[in-house]
Amino acid sequence: MDVKCCVEAQPVVKRVTTGNLALRQHYPASSPVAIATICLVTCCLWLEEAPTHFVGFSRSKQGRTMSDLDHRLQKFGGPDFLNVEVALSRAELFRAECKRLILETEKACRRMQIDDSKYLDQRVRDIRFLKKELELKLEEIVPEIDVLLALNSRVMKALEKNKEALRVTILCLDERRKQAPSDRLQDEVNTELLKEWDTFEEVASLLQNVQEQISEQIRLNRSAKYHLEQDLKEKFEAQSIDNSCALMTIRSISNLQMSKPNLTGLGSSAVTPKLWENISDLNIAKAEQQKRNSLSLRALVESVLGQMSADMQKQLEATTKAFQVNIQKLKSTKGQLEEKLPKILSEINSQQRIREDLREAIKENEHFLTLAQSRLALRQHRPGKEQCHDTAQAQLLAEVQQLIAHISKLHEEVAQSEEEQRALARCQLELKEKIDSKASSLYIDEVVCMQHREPIIIPNF
């Protein structure tokens, strides 16, 4: 405004200077009339031509002043007879207006400085409030990330435990396929092992899905944390700048060089106060939403982990119980077979002895048969009339028939004894095979599978 006033005042100064030169040609330089006339003309021209930018100095006042001056000029008969006192009053009036303008501008500057400090302080308080809200939300989201990381670690360990348990289950199924065909049946153990396989695979799939959800939630929480930290960083910088502005004085900026054309320009990135507040509120709301999502996810994962642990433990116990029942059954069957084996061996020996006895009886009967046949043959040499079919002859004939029948029956019994012995031998072989098969199945279930399954512990994930 000062520059503008100076520019507008240049024609006035030029006219005043021209008028002064004209008066000095008619009056001496030391003449009181000349001095008064020059002052009066100068004031008149200044008030008539000066710009109206000064605060509190309006055209109406100028009009009243000029009217009074013209009236006085007419009273004294023109500018040649002006009173010095009138010129001095006009000058004093101008000085008074200038002093009033100085006082008003000084008061306006002080008032604006107070307003500046007030608004800067209010701005700093607003920034501090939002900073506090952001810091509180950041303090809530950071531990939540740590808790989710720990939970993710638990899920990964649960996955490892489940993979190990599934590997043992598949190994047990493969080992049991090595059993003898007679024992390779769809028994209770195989049924429970297949259920265990299905359970562990479902748990692995569910754990993988849970791990992906936790990782995604951790990413979202870190994103919310990043925006909170960036917002806090910008708030800190803005607070430092506004604090510096509040502490600035005329003396503190005497050496500060600033580019005046850019003092009022905020650039294209400027935002309204409402939008400025909404940005922080949006970051806080997003962080709060992610915190609630994290709490819900943690509750769900804890429930799922507990349920999965219970299901795996239950199925593991069912399979182990089936193994134990089958092991006891195998031991019992094997024991019964082993008890029968000595009986069969004893019976085979008995059959051998009875067969020898039968052969001895056959020899003895053959001796008696030979004796009876010899008697009959000898009696054939009796004289003709003495060859009578008497009782002795009948007895000898009957004896021969009976002895032949006995010997035939004994031969049949010998053959039957040999057949029984062969059957007992086959039973002995079958028993040995069954005993070996049961022993092999017992070894697979009790030693191989149970030793593999023994280290499996399903903890509470």
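**A walk through a helical model**

Leaving aside its neighbours within four places in sequence, glutamine 315 is in contact (heavy atoms within 4.5 Å) with Glu192, Lys195, Glu196 and Thr199. Glutamine 315 sits in helix α6, and its relative accessible area of 11% makes it buried; here buried means under 20% relative accessible area, exposed over 50%, and partly exposed in between, with a 1.4 Å probe and protein chains only.

Before we go further, a word on what you are looking at. This is a predicted model, in which local features need pLDDT of at least 70 and side-chain atom pairs count only at pLDDT 80 or more, while totals for chains, interfaces and linings use all residues. Residues are numbered from 1 along each chain as its sequence is written, and side-chain values use heavy atoms, with hydrogens and water left out.

How many helices and strands does the chain have? There are seven helices and zero strands, taken from DSSP runs (H or I of at least four residues for helices, E of at least two for strands) and numbered from the N terminus. Of the chain's 461 residues, 31% count as buried. Among contacts between residues at least 6 apart in sequence, 85% join residues at least 24 apart.

The average pLDDT, the predictor's confidence in each residue from 0 to 100, is 80, and 78% of the residues score at least 70. Helix α1 (residues 2-26) has the lowest confidence, with a mean of 40, whereas α5 has the highest, at 93. Over residues 1-67 the pLDDT is below 50, and this stretch has 71 contacts in the model beyond near neighbours in sequence. Residues 72-81 are also below 50, with ten such contacts. Where pLDDT is low, the predicted coordinates should not be read in detail.

The largest nonpolar core has 31 residues, and Val155, Leu207, Ile214, Val301 and Leu305 have the most contacts inside it. A core here is a set of buried Ala, Val, Leu, Ile, Met, Phe, Trp, Tyr and Cys residues joined through side-chain atoms within 4.5 Å. Helices α4 (84-176), α5 (188-247), α6 (273-379) and α7 (391-453) each supply at least two residues of this core, and α4 gives the most, with ten. Leucine 207 shows some of this packing: beyond its neighbours within four places in sequence, its contacts are Val155, Ala158, Leu159, Asn162, Leu305 and Met308.

The whole structure has 26 salt bridges, each a side-chain nitrogen of Lys or Arg within 4 Å of a carboxyl oxygen of Asp or Glu. Lysine 137 and glutamate 140 form one of them, at 3.0 Å from N to O; both lie in helix α4, three residues apart, about one turn of the helix. Lysine 137 is buried, at 11% relative accessible area, while glutamate 140 is partly exposed, at 30%. Glutamate 140 also forms a salt bridge with lysine 291, the closest N and O atoms being 3.2 Å apart. Because lysine 291 lies in helix α6 and glutamate 140 in helix α4, the pair ties together parts 151 residues apart in sequence.

Elsewhere, glutamate 446 and lysine 331 meet in a salt bridge of 3.0 Å, N to O. Glutamate 446 is in helix α7 and lysine 331 in helix α6, so this pair ties together parts 115 residues apart in sequence.
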